[in-house]
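Okay, everyone, thanks for coming. Let me put the model up and then walk you through it piece by piece.

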Amino acid sequence: MNFKPVQILSIGKSVPETIITNDDLTKILDTSDEWISTRTGIKQRHIASGDENSTTFGVNAAKDALNKSGLNGEEIDLIVVATSNPYNIYPSTGCAIQDAIGAKNAIAFDITVACTGMLYALEIGRHFINSGKYKNVLLVATDTNSKFLDWTDRASCVLFGDGAGAMILTEAKDGVDDIVALNVNADGSKGAFITMNLVGENCPLVEPAVLGQHKIAMVGKEVYKFVVQTMPESIMKCLEDAKMEPKDIDYLVPHQANLRIIEGLQNRLEFTNDQVIVDIDKYGNTSAASVPIALADALETGKIKTPSTAILCAFGAGMAWGSAVVRLREGLK
Ligand SMILES: CC(C)(COP(=O)(O)OP(=O)(O)OC[C@H]1O[C@@H](n2cnc3c(N)ncnc32)[C@H](O)[C@@H]1OP(=O)(O)O)[C@@H](O)C(=O)NCCC(=O)NCCS
């Protein structure tokens, strides 16, 4: 089998128009802008309203990436959607996006890896290109956390926002692989740190099940401790696999869950503020969409200049986590 390298062709994003500030949350919770912004860095988040849902934002992000890529829908042959709170379990969000963008030649499916979804999608997508099975791959990460938050739990509901990001990969014609290194990891023994149950009822002829709550629950302190240990290890392993050092990397595009975690990574890499992409103040934690939204925004605003190299990293429920060293080609949008 001839190894086919991957080019990152475009990045897209979509967020709800409705913005909820920390001050807005004080109307429904015993909290304050001061508490939220000093502990997390979050000032506001975009929240789905009315009939908007994970499919709405996923479709818009996919269209944004498709427009920037110069491809049309029929040229896409694989769609992988990372979502942990889809509008439907089936039809899959992937199938809904396939239909909405006219990707009639693509196969489509969803994966559930919470906030690390885009890194896992990238792992899946790049191997399908490497093997020669597919040429043009659309990855979408879309989450509408606001629908599944416990809005009475101030320790978790203030942290999250909604939105979607997308990335199109294609076979690199020049032989240069944009995915320089990538590792994804899982540790199911830490599953209780962040949970969201699907509530279902047993057949009426049998004993009823104890029903869980279809809501996000989190043990914030344990997540924090776990992440400050595993995330730097994952990044350093990725750099080692890439045969690179922090000084060879231009940007860090981290999962936007907590500014203190991001600053810890920044110190470890000895990066300047300009090298670290932070938008947690605007969007909060948008789960799987967090890394591609940050990347799309930074390319749009010129915070990231191309050509350059970047570390992408994410962590979340599972626990699952991962990092990638990627090339961002000249003119990438
Ligand atoms: C969630 C997080 C910000 C909480 O910060 P913390 O310093 O651990 O705070 P604690 O949970 O110890 O709570 C401290 C106090 O603040 C209170 N508090 C919690 N949320 C609050 C809020 N929104 N507003 C005001 N007070 C709040 C708590 O009730 C507690 O009060 P007490 O001391 O009287 O009991 C932090 O643990 C964190 O970011 N963890 C990582 C979470 C994460 O990354 N999740 C996403 C994974 S994808």
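A definition before anything else: two residues are in contact if their C-beta atoms, placed from the backbone, lie within 7 Å. Residues are numbered from 1 along each chain, as its sequence is written. And please remember that this is a predicted model, where local features need pLDDT of at least 70, side-chain atom pairs count only at pLDDT 80 or more, and totals for chains, interfaces and linings use all residues.

Let's begin with helix α4, residues 93–100. When I say helix, I mean a DSSP run of H or I with at least four residues; a strand is a run of E with at least two, and both are numbered from the N terminus. Buried is the other word I'll keep using: 20 or more other C-beta atoms within 10 Å of the residue's own, with 12 or fewer counting as exposed and anything in between as partly exposed, C-beta atoms being placed from the backbone. In α4, six of the eight residues are buried, so the rest of the structure largely encloses this helix. The buried ones are T93, G94, C95, A96, I97 and Q98. What do they pack against? Their partners are α3 (54–69), β4 (78–82), β5 and β6. After α4 comes G102, with a positive phi near 65°.

Now compare helix α8, residues 259–269. Here I261, I262, L265 and L269 are buried. Look down the axis of α8 and those buried residues fall within an arc of 100°, taken from the directions from the helix axis to the C-beta atoms, so they line one face of the helix. They pack against α7 and β11 (251–254).

Okay, zooming out. The protein chain has 10 helices and 13 strands. Its radius of gyration, taken over C-alpha atoms, is 19 Å, close to the 20 Å that the globule rule (2.2 Å times the number of residues to the power 0.38) gives for 333 residues, so the chain is as compact as a globular protein of that length. Along the principal axes, the C-alpha atoms fill a box of roughly 55 × 50 × 40 Å. Buried residues make up 50% of the 333. And of the contacts between residues at least 6 apart in sequence, 79% join residues at least 24 apart.

How is the chain divided? It splits into domain 1 (6–171) and domain 2 (179–328), with bounds that come from an automatic or database domain assignment. Their centres, taken over C-alpha atoms, are 14 Å apart. The contact takes 45 residues from domain 1 and 45 residues from domain 2. On the domain 1 side, β1 (6–14), β3 (44–46), α5 (117–130), β6 (136–144), α6 and β7 (162–171) each supply at least two residues. Which element gives the most there? That's α5, with seven residues. By class, that side has 22 nonpolar, 15 polar and eight charged residues. For the record, Ala, Val, Leu, Ile, Met, Phe, Trp, Tyr, Cys and Pro count as nonpolar, Asp, Glu, Lys and Arg as charged, and the others, Gly among them, as polar.

A residue is near it if its C-beta atom, placed from the backbone, lies within 6 Å. Of the 19 residues around the ligand, T31, R154, G220, A257 and G316 come nearest. The elements giving two or more residues to that shell are α2 (33–40), α6 (154–157) and α7 (220–241).

Most residues other than glycine have a negative phi, and most peptide bonds are trans. A114 isn't a glycine, but has a positive phi of about 50°. You'll find A114 in the loop between β5 (107–111) and α5. Buried or exposed? A114 counts as buried, with 25 C-beta neighbours inside 10 Å. E270 also has a positive phi, near 55°, and sits in the loop between α8 and α9 (280–283). E270 is exposed, with 9 other C-beta atoms within 10 Å.

Then the cis peptide bonds. The one from T306 to P307 has omega near 0°, and P307 is in the loop between α10 (290–301) and β12 (308–316). The bond from G318 to M319 is cis as well, with omega near -10°; M319 lies in the loop between β12 and β13 (320–328).
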